[in-house]
Amino acid sequence: MRLIRFWLFVVTLVFACGALNIAPAIAASKDKEKSSKTTKVVVKSPKKPKTVRVTVTRSASPVVAGPPSFATALGLRGQHDDLSLKSSVAMVVNQDTKEVYFEKNPTVSLPIASITKLMTAMVVLDSKLPLNETIVINEEDVHIYRHSRLAGGTTLSREEALHLALMSSENRAAYTLGRNYPGGVPAFVDAMNRKAKELNMDHSHFADPTGLLSENVATAEDLTRMLNAAYQYKLIREYSTWPDLTMVIAKRPQKFLNTNRLVRSGDMDIGLQKTGFINAAGKCLVMQARVNNTPLLLVFLDSVGTQSRFADAVRVRDWYERMPSGAQPIRRLM
């Protein structure tokens, strides 16, 4: 009888908790970082096609985690366009002729997140600093971004840091490239903005080498100029499109993947690319890709959902492949 009363009490308690909508609390675990000097070996994996799903099933009312993006605050998110893209900003430009074949909010300056690292890479390469010089991840680099497999004390060459920054968007690698520039990060940021001015990126501004700050902003038009300039650097083309590499860090092999699923799938002819994400920017993607034997500059900013920017790129590719020969561009970039 006591047992029956006990179970009745438990059942009653469960229903009472449900009525009060009481949910169990989940404690968040903290990441622990190892801080030790390391030796490492880099193993570059050959480029090979892999099957990657880019089709996305979306709910009618997507949930946006964290603060709204700048594009959302400006009322750009969810605007309809002829291609039904999920990106608030998009642009398709013929790299050779500068003819614009598609645009969506192309002149709005928005945060660009890690797309910033393309400018970082150009400034590093323009500096002619030794690519084989050893640099060390120090406490300042660790502080700039908490989540990283490049623990404090990790040693790597400037070229390896450039590779990781472009391929897997490694923030500590990008920051240490700026910190090891003559004059440090402030001088590096000045060089980034000088480079932007040289490229006629008149509506852009850079504030740090990583893109973590929302003050790194550009328009889609400016990003096509930056894409075209970055494409002239062989190492940027190569490292931004490398599928993966393995480094031994703290005596453990660590595999770093390209952040662009389309690169890993191998079903698009991509000559250069960079992804980006912070809450202020949403999901971003820029690429140089050849479609119908035409080099295109593709820009997608503030996309909703993890896969949407890649799905938008595939949608643009399919649309351009179906475009009738002799189709007239919207305009030509100046």
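Author: A residue is called buried when its relative accessible area is under 20%, exposed when that area is over 50%, and partly exposed in between, with a 1.4 Å probe and protein chains only. Lys195, at 12% relative accessibility, therefore counts as buried. The model is a predicted one, in which local features need pLDDT of at least 70 and side-chain atom pairs count only at pLDDT 80 or more, while totals for chains, interfaces and linings use all residues. Residues are numbered from 1 along each chain as its sequence is written, and side-chain values use heavy atoms, with hydrogens and water left out.

Of the 334 residues of the protein, 51% count as buried. The protein contains 11 helices and 13 strands; these are DSSP runs numbered from the N terminus, helices being H or I with at least four residues and strands E with at least two. Lys195 belongs to helix α7 (residues 184–198). Beyond its neighbours within four places in sequence, Lys195 is in contact (heavy atoms within 4.5 Å) with Met119, Met122, Val123, Asp126 and Tyr233.

The rings themselves come next. A pair of aromatic rings is described by the distance of the centres and the angle of the planes. Rings of Phe, Tyr and Trp (its six-membered ring) pair if their centres lie within 6.5 Å; planes under 30 degrees apart count as stacked, over 60 as edge-to-face and the rest as tilted. By this rule there are 4 aromatic pairs. One of them joins Tyr101 and Tyr320, whose centres are 5.9 Å apart and whose planes stand at 90°, so the pair is edge-to-face. This pair links distant parts of the chain, since Tyr101 is in strand β3 (residues 99–104) and Tyr320 in helix α11 (residues 308–322), 219 residues apart. Both Tyr101 and Tyr320 are buried. Another edge-to-face pair consists of Tyr181 and Phe188, with 5.2 Å from centre to centre and 85° between the planes. Tyr181 counts as buried because its relative accessibility is 16%, and Phe188 is buried with a relative accessible area of 0%. Ring pairs also connect Tyr101, Phe102, Trp319 and Tyr320 into a cluster.
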